[in-house]
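Welcome! Here is a short briefing to read alongside the sequence and the 3D view.

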Amino acid sequence: MTSLSLKDVSKSYGSVEVLRNIDLEIQEGELIVFVGPSGCGKSTLLRMIAGLETITGGTLDIDGQVVNDVSSAQRGIAMVFQSYALYPHMTVYDNMAFALKLAGKSAAEIDKAVRSAAETLQLAHLLDRLPKALSGGQRQRVAIGRSIVRDPKVFLFDEPLSNLDAALRVATRIEIAQLKESMPQSTMIYVTHDQVEAMTLASRIVVLHGGNIEQVGAPLELYERPANTFVAQFIGSPAMNMVDATVTETGEQTSVRMPDGGHATVPIASKDSDLNKPVKLGVRPEDLSITDSDDYLVSAKLSIVEALGETTVLYFDPREGDDAFIAKLPGIHKAEKGRELRLVAPADKLHLFDENGVSFLYR
Ligand SMILES: Nc1ncnc2c1ncn2[C@@H]1O[C@H](COP(=O)(O)OP(=O)(O)OP(=O)(O)O)[C@@H](O)[C@H]1O
Ligand SMILES: [Mg+2]
C-alpha cells in the first residue's frame, strides 16, 4: 500500500520560486505522468519526492506519514534517470546486484531478486554481459532492473527513454507498460516530453507550466475536456486551433461568430454576462473537415499540404497575430494550394475559453 500526498508544496532556489501550490494525491498502483514545457519544474518535483532536493514549503507524505525530513535512502523510492550510468566494469548481473550487496543481503536473496527482475525485463540471457555489449534499450532495462531488485514502494522515472532512437523508444515504452501491468500494486511517477508516452502509459497526467499544476486528469479527459487554453494546446499534436470569436447567444448552448463570417452553436452553457464578449473557440485539427456549405466555422487560404498517406495535414494562412490554422484529414486529399477552403467540425467537438483562457466547462 503506497500512496503519496503533496499538500501546498513549493520549491525556491534563493529568491527564485520554481514550484508553487502543488497539491496532488497519488493512489497506490497509479502510473502518474508529469508533462510540461522545459524548465517548468518536472525534474525538481520528482527529485523532491525522491528526497534528492529539500522541500521549501508544504508537506509530502507517503502512506500517511510526512517525509519532508526523511532521508532519500529511507523513503523506499527508486529513481531511474535519462542517463542510465551503469558501472562499466560490472556485468549486468553485478550491476543489478550491487545495491543489494551494499545492503548486506545474502547471496541467495540477491540471486533470487536479480533473476526475477531479469525475467520480468527480458534480460535473463544477458546477465553475464558488460554494459558496453548492450544496446541502449537493454542498458536502460538494466537501469530499471537495478531499481526493481530493491523492491521499492515507489518508482520514479525521469525521461528514461529520451536517449533512445525512435524505434527503440516504442519498443521500450511497450515494455514499461507491460512491466507496470506485472506490478499492479507499485506506484510510478514518470516524466516525459513525449505525448504518446504520456497518453499511453498514464493512469493520470499532471500538466505543469511555470511551476504550477494546470490540470490533472486521465489522458482522454485532458484531451476531451482541457481546463484552459494551455492544456488544450499542450495535449494533442498538432495543437488545438484557437480562433477569435464573439458570443452572440447565451444559455444552455452558446452561439459564437467569427470575424470571417464563420459561426457555431456549441452545446456548452454560458452566462448572460458572456453576451458580446470576446472568446476563443478551440477546435482540434483532426475534428475538421472541408465543406461547400455556408454553414462553416472557418474560411481560410490553404498554404501548405503535407500528404503523409495515412493522413493529410493542411496548413492555412494565419490571420494577423494568430498561429497557423491546421486541419488533419484522414487518408489522401488532393487539395490545391492557394485556394480558400471552408472548414467545419461537429458541434460537440468544439471548445470555448474565456478572456483568461479558462474553459467554459470549468468556470
Ligand atoms: N539548483 C538550481 N538552482 C537554481 N535554479 C534551478 C536549480 N535546479 C533547477 N533550477 C530551475 O528550476 C526550474 C525547473 O527546473 P527543472 O529541471 O525541474 O525543469 P524540467 O521541467 O525538468 O525541465 P526539462 O524538461 O528541461 O528537463 C528551471 O527554471 C531551472 O532553471
Ligand atoms: Mg527535467
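Let's begin with a proline: Pro 238 sits in the loop between α8 (229–234) and β11 (241–249), where helices (H or I, at least four residues) and strands (E, at least two) are DSSP runs numbered from the N terminus. This is a predicted model, in which local features need pLDDT of at least 70, side-chain atom pairs count only at pLDDT 80 or more, and totals for chains, interfaces and linings use all residues. Residues are numbered from 1 along each chain as its sequence is written, chains are lettered from A and ligands numbered from 1 in the order in which they are written, and side-chain values use heavy atoms, with hydrogens and water left out.

**Backbone details**
- The peptide bond leading from Ser 237 into Pro 238 is cis, with omega near -5 degrees.
- Glu 159 is not a glycine, yet its phi is positive, at about 45 degrees.
- Glu 159 lies in the loop between β7 (154–158) and α5 (166–182).

**Around ligand 1**
- Glu 159 is also one of the residues around ligand 1, which include Tyr 13, Val 18, Lys 42, Thr 44 and His 193; a residue is near a molecule if one of its heavy atoms lies within 4 Å of it.
- By class, this shell has four nonpolar, six polar and two charged residues; Ala, Val, Leu, Ile, Met, Phe, Trp, Tyr, Cys and Pro count as nonpolar, Asp, Glu, Lys and Arg as charged, and the others, Gly among them, as polar.
- Helix α1 (residues 42–50) supplies the largest share of the shell, three residues.
- An oxygen atom of ligand 1 is 2.5 Å from an N or O atom in the side chain of Thr 44.
- Taken alone, ligand 1 exposes 640 Å², and the protein buries 57% of that (Shrake-Rupley method, 1.4 Å probe).

**Two domains**
- An automatic or database domain assignment divides the protein into domain 1 (4–228) and domain 2 (234–362).
- The centres of the two domains, taken over C-alpha atoms, are 38 Å apart.
- In domain 1, 14 residues are in contact with 13 residues of domain 2, contact meaning heavy atoms within 4.5 Å.

Terms used:
Polar contact = N/O pair within 3.5 Å; in protein donor to acceptor, adjacent residues only side chain to side chain.
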